[in-house]
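Here is a short briefing on disulfides. Look over the sequence and the model first.

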Amino acid sequence: MKSLFFSLSIEFLLRILAATEDPSNCQVCRLLAVELSSSLQKTDSSSAVLETGSRLDPKGEWADGKRISYRKSEVRLLESLESVCDRMLEYRVHSDKRERFAKGRTSTMETLHNLKTKGVKVKMDLPEDMWDSVPAEITRLKTKCESLVEEYEDELTDWYFKYQEESDLESWFCKKMVLAETEQKCLKFDENATDVKKSEL
């Protein structure tokens, strides 16, 4: 039992150390691309049609509005952009994976919850009701995401209307618009990789 607590203590310390860094521009851009693409993909097969209201034509007469496919509408993009940064709050800092940010509990917290469920008395300086609270680094991730969306709203709109059929968002937006080549280290890797080098934490 002593070795279990020692191992948990070491992993918990690594988690705390990993959580001291601000999210990089690459990480923010990548997760924004992942979440926005996911949100758009969920509504990709929608057959809904939007009807714009009646309007006055140049002669001053009432004309019927246009019918627009929801799938190609600005409304779909705006709805996705409105909630994309809130989804960052679903992430946690994972020191045991190559990508520091992943959804769900960290393996440390999962182990602690499992021990508690099995009746093991787990004693920590952190109150149990705060075990799953949103870490400060995740709050900074959300804030940086909001800034990125605000700063690059026109570029995101361009991609949506002009380029999404020919290029994925991460490649077009992060590689071409936002990140310098030296900042692109976190793009495109195996999310399930768990062999973490100390320098990557």
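Which cysteine does a disulfide join to Cys-29? The partner is Cys-174, with an S to S distance of 2.2 Å. A disulfide here is a pair of cysteine sulfur atoms within 2.5 Å. The structure holds 3 of them.

This is a predicted model, in which local features need pLDDT of at least 70 and side-chain atom pairs count only at pLDDT 80 or more, while totals for chains, interfaces and linings use all residues. Residues are numbered from 1 along each chain as its sequence is written, and side-chain values use heavy atoms, with hydrogens and water left out.

**Overall pattern**

- Counting bonded cysteines along the chain, the disulfides pair as 1-6, 2-5, 3-4.
- Helices (H or I, at least four residues) and strands (E, at least two) are DSSP runs, numbered from the N terminus.
- Buried means under 20% relative accessible area, exposed over 50%, and partly exposed in between (1.4 Å probe, protein chains only).

**Cys-26 and Cys-186**

- The sulfur atoms of Cys-26 and Cys-186 sit 2.1 Å apart and form a disulfide.
- This pair links distant parts of the chain, 160 residues apart.
- Cys-26 belongs to helix H2 (residues 25–42), whereas Cys-186 is in the segment after helix H7 (169–178).
- The link of Cys-26 and Cys-186 is left-handed, with -100 degrees about the S-S bond.
- Both Cys-26 and Cys-186 are buried.

**Cys-29 and Cys-174**

- The disulfide of Cys-29 and Cys-174 also links distant parts of the chain: Cys-29 is in helix H2, Cys-174 in helix H7, and 145 residues separate them.
- The torsion about the S-S bond of Cys-29 and Cys-174 is about -105 degrees, so this disulfide is left-handed.
- Cys-29 has a relative accessible area of 0%, so Cys-29 is buried.
- Cys-174 is buried because its relative accessible area is 0%.

**Cys-85 and Cys-145**

- Cys-85 is joined to Cys-145 by a disulfide, S to S 2.1 Å.
- Cys-85 lies in the loop between helix H3 (74–84) and strand E5 (91–93), and Cys-145 in helix H5 (residues 136–151), so the pair ties together parts 60 residues apart in sequence.
- Why is the disulfide of Cys-85 and Cys-145 left-handed? The torsion about its S-S bond is about -80 degrees.
- Cys-85 counts as buried because its relative accessible area is 5%.
- Cys-145 is buried too, with a relative accessible area of 0%.
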